[in-house]
Amino acid sequence: MSIGSFFGRGLGLLPQDFAARACKQSATCTMACSLTLRREQEISCESLSVSHECDARVNANSRLLAKCREHCCPPDTSSPPSRFWGGYVTIRNWRNSGGMQVFRTYRGLTKPTKDYPRQMGNIETAQRPRILSGMRPSGKLHLGNLVGALQNWVKLQDEYDSFHFVADWHMLTTGYENTVDLRQDTWEMVTDWLACGLDPAKATFFVQSRLPEHAELHLLFSMVTPLSWLERVPTYKEQLENIRDHDINTYGFLGYPLLQAADILMYKPRYVPVGEDQIPHVELTREVARRFNQAFGKLHLKKRSEQEWIAWGTAIRNFARPPAGKAEQFILENYHRASLDVRADYLNRDVGTLDPLFPEPDVLLTSSPRLPGSDGRKMSKSYNNAIFLTDGPEVISKKLAVYMTDPARKRRTDPGDPDVCPVFDLHKIFSGGDLISRINSECRTAAIGCVECKRLAAQNVNAFLAPIQERRKPYEQKPELVWEILEDGTKKAREVAQKTMAEVRRAVNLAP
Ligand code: TRP
Ligand code: SF4
């Protein structure tokens with residue numbers, strides 16, 4: 001949403017020139033109003049989370065700031081520990097982990113302090129660190145999916161205890177009106193996973209809807225999650241506005257990121273390998289984990305003598321004197337029956353430590369090269385500009401024949417600029433170094449023509465896809481193989497999910 005439209009409908013405060021300035025970097029208000037600010041505007045608000053490494057901040061327009069605060073930063077006393085809330089901007093902390101960027105934000109802290117309650121206690125570290133990621137069942141995959149996510153999963157399966165699943169319920173949150181192809185799309189996608197080398201002996205893959213535990217955890221999360229947390233997810237309002245061709249005005253769509261939080265936390269992974277667009281969802285996941293831990297995590301009291309506990313309590317308003325000899329039991333009970341903000345107060349006063357149910361996983365960001373489709377836009381099934389992994393040589397040649405090239409290169413004799421040419425992007429990924437540098441120079445001098453250049457691109461894309469298509473064949477001949485592999489994976493995933501849910505039901509004190 002543009003600033004103009006936000007202010008037009010929302011607060012009606014915006015000076016016109018705000019909307020006019022363009023900057024790729026932006027800050028997004030993470031609370032209910034979805035305010036998007038441009039970098040140059042330098043506006044700060046307690047709820048602003050800064051996108052990219054943009055350092056937008058500080059009070060350019062105090063009227064706006066005050067309004068935004070009023071609108072979307074009511075004092076949130078319910079999210080303990082309170083001292084960790086209500087700081088200024090979110091800090092992005094990039095560090096390197098084996099060529100991949102690990103991403104973490106510290107909400108509300110300008111400096112992460114060493115006592116930041118990073119709840120990693122219950123993380124799954126049994127063997128290799130665990131990762132988990134899901135993909136919506138979009139049917140046959142294209143080259144963009146391959147270089148964007150799948151290749152990365154294949155690489156990671158040797159190093160990590162990998163869980164990957166088909167997010168078919170997520171598909172329903174935006175597409176319940178048309179499920180005609182859902183089952184087939186699931187099959188096609190998983191078959192492409194297998195064809196690309198995702199190995200059921202190394203990674204566990206499964207289908208979300210075959211594990212009702214995900215729905216149960218989603219439901220329990222929904223009990224503790226403030227509505228505003230979901231309404232402020234950047235994609236939510238944006239999509240409500242932009243998606244016009246089908247209905248997404250549903251409870252399920254609002255809950256989309258919470259379902260994702262359940263998918264993730266169920267397996268207590270260390271990392272979630274996803275693209276940049278999913279960062280806000282993983283961020284929400286961490287907040288939900290923290291909130292759920294605060295609500296249901298068991299408290300271990302600090303060791304203090306009875307006299308010390310009595311002295312400790314005098315600092316707390318309305319704190320009744322514990323009965324003689326029962327101080328510990330009394331404080332524990334008080335704690336577990338208190339509202340979350342009172343518990344936050346206790347924790348801030350060092351009452352003890354929480355036994356967290358869930359860890360707070362990080363995003364594992366992979367730098368995926370931009371892969372344009374035949375019209376120069378991002379490759380996407382819905383743009384009809386994609387090369388599918390199943391496309392044979394003739395189809396690929398035909399698709400390349402109409403692929404966009406440098407638009408300034410009109411005649412064979414005009415020199416071209418490979419840097420703005422989508423065909424060159426294909427070369428950069430699928431051709432060898434020698435050919436890439438040859439085209440890079442010969443295009444600029446018109447020594448090579450686009451027809452020849454495209455022929456070479458098609459050849460290399462074909463060579464790349466041939467073994468993938470070969471590996472697909474046995475599954476095409478015996479489609480039930482894929483369902484069997486998924487069933488095995490589902491069994492493995494179910495073991496983990498059932499264990500987590502038993503812990504969760506116990507912690508919430510549901511019936512045994
Ligand atoms: N929302 C993700 C997407 O659209 C899919 C997804 C669902 C997911 N649950 C997940 C990704 C859990 C990672 C982890 O791509
Ligand atoms: Fe693009 Fe190749 Fe033509 Fe250059 S020669 S404009 S890189 S298709």
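Visitor: What should the 28 residues of helix 19 span, at 1.5 Å a residue?
Guide: They should span 40 Å, and the end C-alpha atoms of helix 19 are 38 Å apart, which agrees. The expected span is 1.5 Å times one less than the number of residues. Helices (H or I, at least four residues) and strands (E, at least two) are DSSP runs, numbered from the N terminus.

Visitor: Is this predicted or experimental, and how is it numbered?
Guide: This is a predicted model: local features need pLDDT of at least 70, side-chain atom pairs count only at pLDDT 80 or more, and totals for chains, interfaces and linings use all residues. Residues are numbered from 1 along each chain as its sequence is written, while chains are lettered from A and ligands numbered from 1 in the order in which they are written.

Visitor: Back to helix 19. Where does it bend?
Guide: At L465, by about 35°. A proline, P467, follows within four residues. The bend is the angle between axes fitted to the seven residues ending at a residue and the seven starting there.

Visitor: Which residues of helix 19 are buried?
Guide: C450, C453, K454, A457, A458, V461 and L465. Buried takes 20 or more other C-beta atoms within 10 Å of the residue's own; exposed is 12 or fewer, and partly exposed is in between, with C-beta atoms placed from the backbone.

Visitor: What covers them?
Guide: The cover includes helix 16 (393-401), helix 17 and helix 18 (433-442).

Visitor: OK, ligands. How many residues surround ligand 2?
Guide: 14. The closest are G416, C421, C443, C450 and C453. A residue is near a molecule if its C-beta atom, placed from the backbone, lies within 6 Å of it.

Visitor: Which helix gives the most to that shell around ligand 2?
Guide: Helix 19, with three residues. Helix 17 (422-430) and helix 19 (450-477) each supply at least two.

Visitor: And by class, what does the shell around ligand 2 have?
Guide: Nine nonpolar, two polar and three charged residues. Ala, Val, Leu, Ile, Met, Phe, Trp, Tyr, Cys and Pro count as nonpolar, Asp, Glu, Lys and Arg as charged, and the others, Gly among them, as polar.

Visitor: Which residues are around ligand 1?
Guide: L132, S133, G134, R136, A167, H170, Q260, D263, I264, V272, V274 and Q278. Strand 6 (130-135), helix 11 (256-265) and strand 9 (271-274) each give two or more of them. The shell around ligand 1 divides into five nonpolar, five polar and two charged.

Visitor: Which members of the largest nonpolar core touch the most others?
Guide: I131, V190, F205, A261, A262 and V272, out of 82 residues. Helix 11 gives the largest share of this core, seven residues. A nonpolar core is a set of buried Ala, Val, Leu, Ile, Met, Phe, Trp, Tyr and Cys residues joined through C-beta atoms within 7 Å.

Visitor: What is V190 in contact with?
Guide: Leaving aside neighbours within four places in sequence, V166, F205, V482 and L486. Contact means C-beta atoms, placed from the backbone, within 7 Å.

Visitor: Is D350 buried or exposed?
Guide: Exposed, because 11 other C-beta atoms lie within 10 Å.

Notes. Two residues are in contact if their C-beta atoms, placed from the backbone, lie within 7 Å.
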